[in-house]
Amino acid sequence: MTSTTAMPATAGTLTPSRRWAVLAVILAAEVLDLIDATITNLAAPTITASLHGGPSLVQWLGASYALALGVLLVLGGRLGDKYGRRRIFLTGLVGFTAASVACGLATGPSMLIAARLVQGAFGALLIPQGFGILGAVFPRDQIGKAFSAFGPVLGLSAVGGPILAATLIDTDLFGLGWRSIFLINIVLGGAALLAAHRLLPRDPGDRTVAIDTPGSLLLAGAMSGLLYGLIHGSANDWRLTAWAALATGAVFFTLFAHRQTTAANPLIQPSLFRNRGFASGLALGIAFFAAVAGLLYVVSLFLQGGLGYSPLRTALTGSVPMAVGIVITSIACYRLIGRLGRTLVLIGLLTTLAGTLGLWAAVHATGTATGPTVIVPAALVIGLGMGTCFGTVYDITLGDVTPTEAGSGSGSLTAVQQLANALGAAAVTTVYLHTPTRPAHAMTTSLLIVAAITLGCCGLVRLLPRAAQPQHH
């Protein structure tokens with residue numbers, strides 16, 4: 001029995017309005033991921049107080065989502081290639097929405113962390129399918145225009161997401177408090193699911209695509225061990241359990257690295273690590289994204305715990321200025337990267353460093369009397385630097401890779417960014433939460449560590465490729 005609806009759609013079989021509707025669905029999924037990846041930066045103090053979770057819950061809230069997303073992202077892309085992108089996209093969206101509901105209904109820290117892990121896992125199925133779907137439905141001469149919509153839409157989401165989350169918490173909608181930031185996904189995810197089911201073209205996939213499941217499991221074991229050891233150790237005075245978890249994580253990582261050299265279809269092509277430019281960019285990306293992920297968390301913790309700000313005031317003082325800076329320079333980098341190349345990365349790092357040191361100087365001088373007049377400008381400068389790096393680091397890193405390595409390299413970098421977010425959120429907050437009764441001291445110490453990491457990244461810039469590939473997206 002055959003069905004015409006089962007045939008894969010191509011750019012020539014869809015009307016222009018249908019193509020743009022498909023783009024809207026893909027963007028909606030990206031927005032959901034972006035908002036849910038960042039809302040716990042703002043909501044962590046409120047959630048922790050409500051569930052009596054302690055410092056470890058603060059660390060796990062963001063780390064758990066990023067961990068699952070990062071570990072499974074490459075695998076999610078391969079599953080879309082094998083079983084069809086539409087099918088995996090819909091599966092991811094259903095699971096993501098259901099996990100969001102579980103987050104909103106969580107009765108304790110363990111349930112919430114488990115739900116965040118599941119949410120990240122289904123996000124890893126959802127997110128990688130977007131570009132492949134768009135590449136199939138848009139003609140070659142229009143695909144650039146379609147991709148250009150991502151910057152502004154995700155930029156607006158980066159600004160609007162914290163405001164939405166803070167408003168929901170502060171207004172205590174229907175008495176739900178922080179739970180509403182997850183439960184709103186019933187509406188957002190449900191609407192996206194209905195639209196996706198109706199609009200996304202069917203594709204059969206390619207059952208011959210090989211998937212390195214053992215490699216994914218080894219990477220999951222490595223990252224889980226490292227994160228558990230880091231968080232458990234900081235909360236329990238670094239007892240034997242924490243060191244055992246860290247050692248286990250290191251063993252799993254060694255096995256993962258060996259697997260990449262022997263597997264027929266590794267998650268990361270071994271030849272990439274022999275490319276000095278790629279390896280340097282990967283190291284720079286891990287360090288920088290870890291540092292700024294931790295920075296975003298501790299700024300929120302300091303404003304709420306140290307200065308007594310409400311979630312909405314925290315968003316307007318810290319999160320939104322950073323997001324505005326990220327949007328401005330992320331868009332500007334598309335025009336500048338061809339002219340400045342890796343120098344643009346250095347400019348971004350130095351700008352981030354300047355903003356971080358400016359905030360450090362303000363808190364060092366005035367402690368918990370620090371006000372918005374100094375926090376907002378410093379946050380904006382940090383955002384300008386972050387946006388410059390977000391828009392350039394990985395484009396430059398891929399500058400010297402071969403066309404056959406580009407797919408593996410790009411997917412690996414995206415996954416590594418999420419894993420760096422998980423490690424950074426755990427590591428920098430570990431420093432901050434070491435002295436929770438002295439918020440100004442905790443903040444200045446955390447900022448100095450972020451500044452030191454950023455300065456170290458500057459030394460890696462000269463090892464990067466000089467320029468991005470001219471046609472790299």
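Aspartate 212 is buried, at a relative accessible area of 3% (buried is under 20% relative accessible area, exposed over 50% and partly exposed in between, with a 1.4 Å probe and protein chains only). The structure is a predicted model, in which local features need pLDDT of at least 70 and side-chain atom pairs count only at pLDDT 80 or more, while totals for chains, interfaces and linings use all residues. Residues are numbered from 1 along each chain as its sequence is written, and side-chain values use heavy atoms, with hydrogens and water left out.

Aspartate 212 forms a salt bridge with arginine 259, with an N to O distance of 2.7 Å (a salt bridge is a side-chain nitrogen of Lys or Arg within 4 Å of a carboxyl oxygen of Asp or Glu). Aspartate 212 lies in the loop between α9 (185–199) and α10, and arginine 259 in helix α11, so the pair ties together parts that are 47 residues apart in sequence. Helices are DSSP runs (H or I, at least four residues), as are strands (E, at least two), numbered from the N terminus. Arginine 259 is partly exposed, with a relative accessible area of 26%. Over the whole structure, 2 salt bridges are found. Aspartate 81 pairs with arginine 85 in a salt bridge whose closest N and O atoms are 3.3 Å apart. Aspartate 81 is partly exposed at 31% relative accessibility, and arginine 85 is partly exposed at 26%.

Grid points are joined across faces, edges and corners, and a volume is the space filled by probe spheres set on the points. The second largest pocket holds about 470 Å³. Its lining comprises 23 residues, of which Leu219, Phe253, Phe256, Ile268 and Val416 are the closest to the centre. Two or more lining residues come from each of α2 (55–83), α10 (213–235), α11 (240–262), α12 (276–306) and α17 (403–433), and α17 gives the most, with 6 residues. By class, the lining of this pocket has 19 nonpolar, 4 polar and no charged residues (nonpolar: Ala, Val, Leu, Ile, Met, Phe, Trp, Tyr, Cys and Pro; charged: Asp, Glu, Lys and Arg; polar: the others, Gly among them).

The structure holds 2 cavities of 30 Å³ or more. The largest cavity has a volume of about 60 Å³, and its lining includes Leu32, Asp36, Leu164 and Asn185. Elements giving two or more residues to this lining are α1 (16–51), α7 (150–171) and α9, with the largest share, 4 residues, from α1. The lining of the largest cavity divides into 9 nonpolar, 1 polar and 1 charged residues. The second largest cavity, of about 30 Å³, is lined by Val299, Phe302, Leu303, Leu359, Val363, Thr370, Ile375 and Met443.

Ile375 is also among the buried residues of α15. Helix α15 (residues 372–390) has 19 residues and spans 26 Å from its first C-alpha to its last, close to the expected 27 Å (1.5 Å times one less than the number of residues). The buried residues of α15 pack against α12, α13 (311–340), α14 (343–366) and α16 (393–397) (contact means heavy atoms within 4.5 Å).

Notes. On a 1 Å grid over the protein atoms alone, a cavity is a set of points where a 1.4 Å probe fits but cannot get out, and a pocket is an open set with protein on both sides within 12 Å along at least five of seven lines; lining residues have an atom within 4 Å of a point.
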